[in-house]
Amino acid sequence: AEPDFTIKENVTIVWEQVQEDLGEIFMESEDYPYLNQIGFNVNDTDKMVNVELIVSDDTSKEEAVSYATALVKAINDEVYVQNNYYELSSADSYGGFFKEYGFHVTVSTVSNGEGAEPDLVNDTVAAGEDRAIVPVEG
């Protein structure tokens, strides 16, 4: 039989696989030396993704924004692996998945503690809004 290259719109994303792949990409990479932990969850009802990063205490806000941006784009690109209906991320786009879903991203330091307000990044970007993630002021 010939391979089927048709684009399918209603593919169910296996989020556990996305999480596992992102863990391998980010936690085992020398590109993110300040990174301690990543996580995300998807709310299909609200079309919102909550993204969380925990970084070492000596991480700058600029590095925190860079890590958060990379993780959001990587989530999109891992979705693309499972469903090529969505376009890949690019230098100026979070990618096709985030044209339909918004995201809330937080970056906290290890010593900030569980349940505390994020001290580096606490930002929400609406679906289709490709503006830059901004750090916490102050």
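Helices H1 and H2 cross in the right-handed sense, meaning that the near helix is turned clockwise from the far one by less than a right angle. The model is predicted: local features need pLDDT of at least 70, side-chain atom pairs count only at pLDDT 80 or more, and totals for chains, interfaces and linings use all residues. Residues are numbered from 1 along each chain as its sequence is written, and side-chain values use heavy atoms, without hydrogens and water. Helices (H or I, at least four residues) and strands (E, at least two) are DSSP runs numbered from the N terminus.

**Helix pair**

- H1 spans residues 15–27 and H2 spans residues 61–82; their axes come within 10 Å and cross at roughly 135 degrees.
- H1 is therefore oblique to H2 (under 35 degrees is roughly parallel, over 145 roughly antiparallel, 65 to 115 roughly perpendicular, and the rest oblique).
- Axes are lines fitted to C-alpha atoms, for helices over the stretch in contact, and angles run from 0 to 180 degrees between N-to-C directions.
- On the H1 side, the residues that meet H2 are Trp-15, Gln-17, Val-18, Asp-21, Leu-22, Ile-25 and Phe-26; contact means heavy atoms within 4.5 Å.
- Their counterparts in H2 include Tyr-67, Leu-71, Ile-75 and Glu-78.
- By class, eleven nonpolar, two polar and two charged residues make up the contact of H1 with H2.

**Sheet**

- The open sheet has four strands in the order S1-S2-S3-S4, with mixed pairing; two strands pair if DSSP finds at least two bridges between them.
- S1 and S4 (121–125) are the edge strands, each pairing on one side only.
- On average, neighbouring strands of this sheet are turned by 10 degrees against each other, direction ignored.
- H2 packs on the sheet and touches S1, S2, S3 and S4, its direction making about 140 degrees with that of S2.
- Strands S1 (residues 35–43) and S2 (residues 48–55) are antiparallel over eight bridges, with Ile-38 bridged to Leu-53 in S2.
- The hairpin of S1 and S2 has four residues between the strands, and Lys-47 in the turn has a positive phi of about 50 degrees.
- S2 and S3 (residues 102–109) run parallel and are joined by eight bridges; Glu-52 has Thr-106 in S3 as its bridge partner.

**Thr-69**

- Thr-69 lies in H2, and its side chain reaches the backbone oxygen of Val-65 at 2.8 Å.
- Leaving out residues up to four places away in sequence, Thr-69 touches Tyr-94 and Ile-133.

Technical notes. Nonpolar A, V, L, I, M, F, W, Y, C, P; charged D, E, K, R; others polar. Polar contact = N/O pair within 3.5 Å; in protein donor to acceptor, adjacent residues only side chain to side chain.
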